[in-house]
Amino acid sequence: MKIDIVRLEIFKHLFASIPEEMGAALQRASFSPNIKERRDYSCALFDPQGEMIAQAAHIPVHLGAMPLSVQAAIGSMAFAEGDMAILNDPYQGGTHLPDITLIAPVFTGGQLAGFVANRAHHADVGGMAPGSMPVARELVQEGLILPPVKLFVAGELQTGVWDIILRNTRSPQERAGDLRAQIAANQRGVRRLADLVAAYGLPEVQHYAAALLDYTERLTRALIARLPDGSFEFADALDDDGLGNGPLPIRVRIDIHGDEAIVDFAGTASQAQGSVNAVYAITLSAVYYVFRCLVDSEVPNNTGSLRAIRVHAPEGSLVNARPPAPVVGGNVETSQRIVDVLLGALAQALPDHIPAASQGTMNNTLIGGWDPARGRAFTYYETVAGGVGARPTADGPSGLHSHMTNTLNTPAEAMEYAYPIQVLRYELRENTGGAGKHRGGDGLRRDLLLQTEATASLLSERRTRQPYGLAGGAPGAVGENVLIREGVEQPLPAKGQVHLRAGDVLSVRTPGGGGWG
Amino acid sequence: MRIGVDTGGTFTDFVVFDPASGQLSSFKVRSTPHDPSAAILQGLARLQAHAPRHIVHGSTVATNAVLERKGAKVALVNTAGFRDVLHIARQERPALYDLFADPPAPLVPRQHRLEISERIAADGSLRTPLDEAALDALIAHCQREGIEAVAICLLFSFANPAHEQAIASRFVAAGFNVSASHQILPEFREYERASTTVLNAYVSPVMSRYLGKLAAALPGYHVQVMQSNGGMSSPHQAAQQAVRCILSGPAGGLVAAQAVANAAGHPRVLTFDMGGTSTDVALINGVAQVSRNSRIGGLPVHVPMLAIHTVGSGGGSIAWQDAGGGLQVGPHSAGAEPGPAAYGRGELPTVTDANLLLGRIQPHLFFGGQMALDAERARAAFEQLGARLGLSAEACALGAVQIANAHMARALRVISVEKGHDPRDFTLLAFGGAGGLHAAELARALGAPRVLVPHYAATLSALGMLLADVVKDVSQTVMLPGDTPFPQLEQRLAPLLERGHAELAAEGVPVAQMQLHASADLRYAGQSFELNLPFTPQLLADFHQAHQQAYGYHDAAAQVQLVNLRVQAVGQTQRPTLPVYEPDDAPVEAALLGRYPVRFADAQVETPFYDAARLSVGLQFTGPAVVVRPDTTILVGPGDAAEVDAFLNLIITLGAA
């Protein structure tokens, strides 16, 4: 079959609209603010071999990870019509335990036409701390582990699996609501792909799915071909793993040969004792994200772009951890540092197109406990924005999410309605962005007053090592976590659990971005 | 005599209703962007003197002030610790994969975002008293800095406005134009409330000056202003709450689309307003949908507005080849300058050029032949692009039209399928200069069975101004348990009803024509989104049922929160009914302008072009055909059937021939 370029472009829109509609269905039906309002989810469409054809991504860290989920599911079970698999095991297709992925096959006329999948961040999946983002020593402490397992068999909900999941979370009602939304999203995707096959026939759909992957590969190769050939190296480090081990270096070498790139993380630290380990899917997502930022925004999100890029991540290292290493921070913290080193290396190839380092952390803040006024348990989770790195053409924005996340904040007024927590300050940290011809963006300060005792989990970075500047620009200021108790400030660690008393103020102060020039 | 006047970028449209004869007439005057009232005066001068005259005006003054960043110099007063809320917004970046895309800069720079020590708790109780002594310094700052308008947004001011009121009265006494958040949007979520309040402060002085000037130029006229909620308001209110008029013109279009669709017997429509650089789409399910979380220029506006979704694809969108060898259309547009290649200045092929090349536009019939089109230039542009892609100029042009349609189909899916509606149940209602050429093919791509092109397609917004009621929206966040006894809820609702009544009375609406619709926003505790339901004693049961319907599940045992109370106060106006026309015996051939070759997906077909003005009621014809109006062109595809209905709307039934 010949490729008609007009039809290819029309199929691009048709394929893209399937995960977009799944995402709209998921957002509409989901229960928790984390999915509904902060949009911490992604949806994608796959061919029968598990190659991703289209993804509606709200969260870049899911980019490279979704195909690995589908491949893990395909590799561990046989699918029939009406089946749906569920998983969160970071060592079998997942990334970290709060991200739960549901995968459904699509059959048309008895033939496998492809798969749809969606992944959403659940506010609690059990484990040693509310919010399931503790500083742990092994994966099993981080929460309930779901290897790929069937949640539906021939259209029937497997109630045993369902009950086990809900019994292992601190917020079963919310989990049930969100999982139902995920199921509905996949069912929507199954119907939509079946409609497409009904309209165009399976051969044509598959023909253009393959053509779209080739097309994305060509676009990516065209981008890489524009980069100068050569070897570009960069290194940076994580502050620590939360257990006193650090700094933990991450090294990368990017080799550009013609229209191919080899990304090699040799020399990166071994996997850590604490929860900062990234599984391979995270590393792949970070690579994917960085190259995605360099190409035009019209490029489809699919695995075709990865064909021109080879990624080597040493097994057992910080960027390709092996069991039973704990991994929850790999997704939210280490992923940001991987982006930092990739951009640092590419800045040598493309000095006029790469910004200085952004805050390089998500400043994960979790607070949980018992709310006496409302008579119920509570779990609050938020990522806090910070300074963005200065660009070769402009200052970096202040107080904005960068790179691997883009979730919304919780309004101060919503906080007071929902939790025994009062926001006292939410403001820019002046002059925390690095100086330069273009200044890095400023970080934020968010002060939370506890009205009851509670446990806080902090998972943050760039508390000792500053976000780098480029082209002579100064680095951004480091962030700080501070406990204000009875008016006295005490420093808190970058990572770890803290017991808070009523009247304590937890002050999260986020890093500035690096300066440029 | 009632006159609807809609100021647009290129034309100012007039629709005139004479109550004595029941007749509607319409015309256009070139807009005068430097002083929009000049075009209005020119248009009015064309009308015979009939007293009294009543004008309903849709204005782009507020919109343009925001989009061009030409509003007032504003200061914002915040609760201490929260001066940067306006900057931080919701902390998300506008584009995931663009390292150079910045969020819109806040309308108030940091040095004019002022803090004052005070704090009200969620239940409205006092936590920290207002530091009134500090106000002098804030007022002095604003005087020194030449601030024109002051916005005030304190935490939980909607629960207890005492502090905002105290600050407002001091600034008013000092001579400032003041917008206080508890008056503009008494609802929780401080960023969106601040954004809406600041926008109001930013556009109100501009709107006030404009409306003052207009009133001075039109002595003896009764003027009302169209709001974005589809209702109208007095100029006084429009100047005070100018943020409510930000999408005044497009709202008029939807009001008229709703009336036309209902009268024609096709109450469920997807509207499709395709212009040169962008396309507006909206869903009307009997009534136009209201959004309470719109944006203008990237900034949130949370007062109720008719829901309109805009995509950056239009007649001026440029076709180009990307690095992967693909054909793309947009998002770059040739705009008005240089415009499509055929206009004689641009070099790049656009969607309009494609339509010309395909024979769908005939140069001598375009805009009544008043606008010279260079068909050879359009062909050359597509030949160049086609050569790079290995396509003929015609194939390339056809592809560009199909790809533009794919973009717009996706926008229409966003407002229908993604909201749980099936396009197969809807009629595509097309208006705007370029809409008619694309509507039938677009409807086919969506599975919509028919297309409706209104008789007033070219002046639909101005018609909507004549069909609008006076509409006032009042709201209040209350955050009460869902099982609060109904009499207690009624007590909380009473002040909203009073305010709605008072606002209508202030507009001169007689009590007999007032309608007050009360509703409430509910959610399960822990959710961050609400469902809006009519305010009745069965509110709670209705909520569970509505949740089941909208999201597929409910939980009768779960705790429910009643978040907001709302009142929509409607003052019904005496509105014109759409005139019904009589059939005459003129055959379709009487309207024939000529036959020209038109390129379709399968073949090139000799196609009749008809003059819309000579197509009378009841006429039926089959495609392929092209209907030409002075301001727009409508394509009827091969296999489609067209009919002129009693309102002179053109109805195209797909695949019915």
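Predicted model: local features only at pLDDT ≥ 70, side-chain atom pairs only at ≥ 80, totals over all residues.
One pair to look up is Arg446(A), whose bridge partner in E20(A) is Val508(A).

E20(A) also pairs with strand E17 (residues 480-485) of chain A, again in the antiparallel sense and over five bridges. Here Glu480(A) has Arg509(A) of E20(A) as its bridge partner. Moving along, E17(A) pairs with E18(A), antiparallel and over five bridges, and Asn481(A) finds its bridge partner in E18(A) at Leu492(A).

Here are those pairings side by side:

| Strand pair | Sense | Bridges | Example of bridge partners |
|---|---|---|---|
| E17(A) and E20(A) | antiparallel | five | Glu480(A) and Arg509(A) |
| E17(A) and E18(A) | antiparallel | five | Asn481(A) and Leu492(A) |

Put together, you get an open sheet of five strands in chain A, ordered E14-E15-E20-E17-E18, with antiparallel pairing. Strand E14 (421-429) and strand E18 (488-492) of chain A sit at the edges with a single partner strand each, so each has one side with no neighbour in the sheet. On average, neighbouring strands of this sheet are turned by 20° against each other, direction ignored.

Now for the domains. Chain A splits into domain 1 (5-216) and domain 2 (355-517), and their C-alpha centres are 31 Å apart. Where they meet, 20 residues of domain 1 of chain A are in contact with 19 residues of domain 2 of chain A. On the domain 1 side of that contact, the residues come out as ten nonpolar, four polar and six charged.

Technical notes: Residues numbered from 1 in each chain as written. Chains lettered and ligands numbered in written order. Pairing = 2+ DSSP bridges. Helix = DSSP H or I, 4+ residues; strand = E, 2+ residues; numbered from the N terminus. Domains from an automatic or database assignment. Contact = placed C-beta atoms within 7 Å. Nonpolar A, V, L, I, M, F, W, Y, C, P; charged D, E, K, R; others polar. Axes fitted to C-alpha atoms, helices over the stretch in contact; angles between N-to-C directions.
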